[in-house]
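Here is a short report on one helix and on the aromatic rings of a chain. Please keep the sequence and the 3D view open while reading.

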Amino acid sequence: MTKLDAPPADAPTGKRGRPRKAQAAAGDTSESILDAAEDLFSKHGFYGVTIREVAREAGVDTALVHYYFGSKRELFDAVFQRRAELWNNERVAAVDRYARDPGPDGMTLEGLLEAFLRPPFQWSLKGGPGWKHYSALVAQTNANPTFGGETMARYFDPAIRRLIELIKQVLPDAREVDLYWAYHNLSGALTLTLGETGRLDRLSGGLCRSGDLESACDYMVRFAAAGFRAVCAPNPA
């Protein structure tokens, strides 16, 4: 359990449960382990980090990491899941709100993509170092050929499928294959941008800043909307 999903402080506990102070200490310990693992995984990747290094970074014994999370892969999954739920719940809620009340002109690609993309950009921009680490971790995982596809599918596909359902209403003649290729291109651009690698800064000679996430989101909405229209246009043949 983490601070992201912890119950209220006054939630009742069972007779045989841990004393309240012990529960709080356990929660703090597991949270510290997750924070340390998230930081290290985001910088060095899954294969570049050991359980011993996570324990040292968190200031705990290695046995405690195994006690709370099991194997390194289970620890990685716990790190990935704790923010994915919040991130994706917000994205789905945002596109659903927009779909219910899109304005007098009805739904547009720009409106849907703005609703879908804005939450991860805002979390990375204003959520603190942990969200920066998480964004970098998602970028790495999306490009990982060993387990990236399975991990991304497990935690992100439901939100993505909801977006595509709504895009179908805006582009009713689009072929499914075109919709998925269009999203695939958006996915790569999104995770690369959230990774804030500094590549854009060097390429543009400082004209653009990879950390300017407000501008990045605005550009991505327009770019992705145009891309969906181009890719999903009816085939003249």
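What covers the buried residues of α5 includes α4 (72-100), α6 (129-142), α7 (148-170), α8 (176-194) and α10 (213-231). Contact here means heavy atoms within 4.5 Å. Helices are DSSP runs (H or I, at least four residues), numbered from the N terminus. The model is predicted: local features need pLDDT of at least 70, side-chain atom pairs count only at pLDDT 80 or more, and totals for chains, interfaces and linings use all residues. Residues are numbered from 1 along each chain as its sequence is written, and side-chain values use heavy atoms, with hydrogens and water left out.

**Helix α5**

α5 spans residues 109-126, 18 residues in all. From first C-alpha to last it reaches 26 Å, close to the expected 26 Å. The expected span is 1.5 Å times one less than the number of residues. α5 bends by about 35° at R118, and the proline P119 follows within four residues. The bend is the angle between axes fitted to the seven residues ending at a position and the seven starting there.

Buried means under 20% relative accessible area, exposed over 50%, partly exposed in between (1.4 Å probe, protein chains only). The buried residues of α5 include L112, L113, F116, L117, R118, P119 and F121. After α5 comes G128, with a positive phi near 100°.

**Aromatic pairs**

The structure holds 19 aromatic pairs. Rings of Phe, Tyr and Trp (its six-membered ring) pair if their centres lie within 6.5 Å; planes under 30 degrees apart count as stacked, over 60 as edge-to-face and the rest as tilted. Two edge-to-face pairs are listed here.

| Pair | Centre to centre | Angle between planes |
|---|---|---|
| F46 and F147 | 5.2 Å | 75° |
| F80 and F156 | 5.8 Å | 85° |

F46 lies in the loop between α1 (20-44) and α2 (51-58), and F147 in the loop between α6 and α7, so their pair ties together parts 101 residues apart in sequence. F46 counts as buried at 13% relative accessibility, and F147 at 7%.

The other pair also links distant parts of the chain: F80 is in helix α4 and F156 in helix α7, 76 residues apart. F80 is buried, at 0% relative accessible area. F156 is buried too, at 4%.

**Charges over rings**

A charge sits over a ring if NZ of Lys or CZ of Arg is within 6 Å of the ring centre and within 35 degrees of the ring normal. K72 lies over the face of F46, 4.4 Å from the ring centre. The charged end of R222 sits over the ring of Y219, 4.8 Å from its centre.

Terms used: Helices (H or I, at least four residues) and strands (E, at least two) are DSSP runs, numbered from the N terminus.
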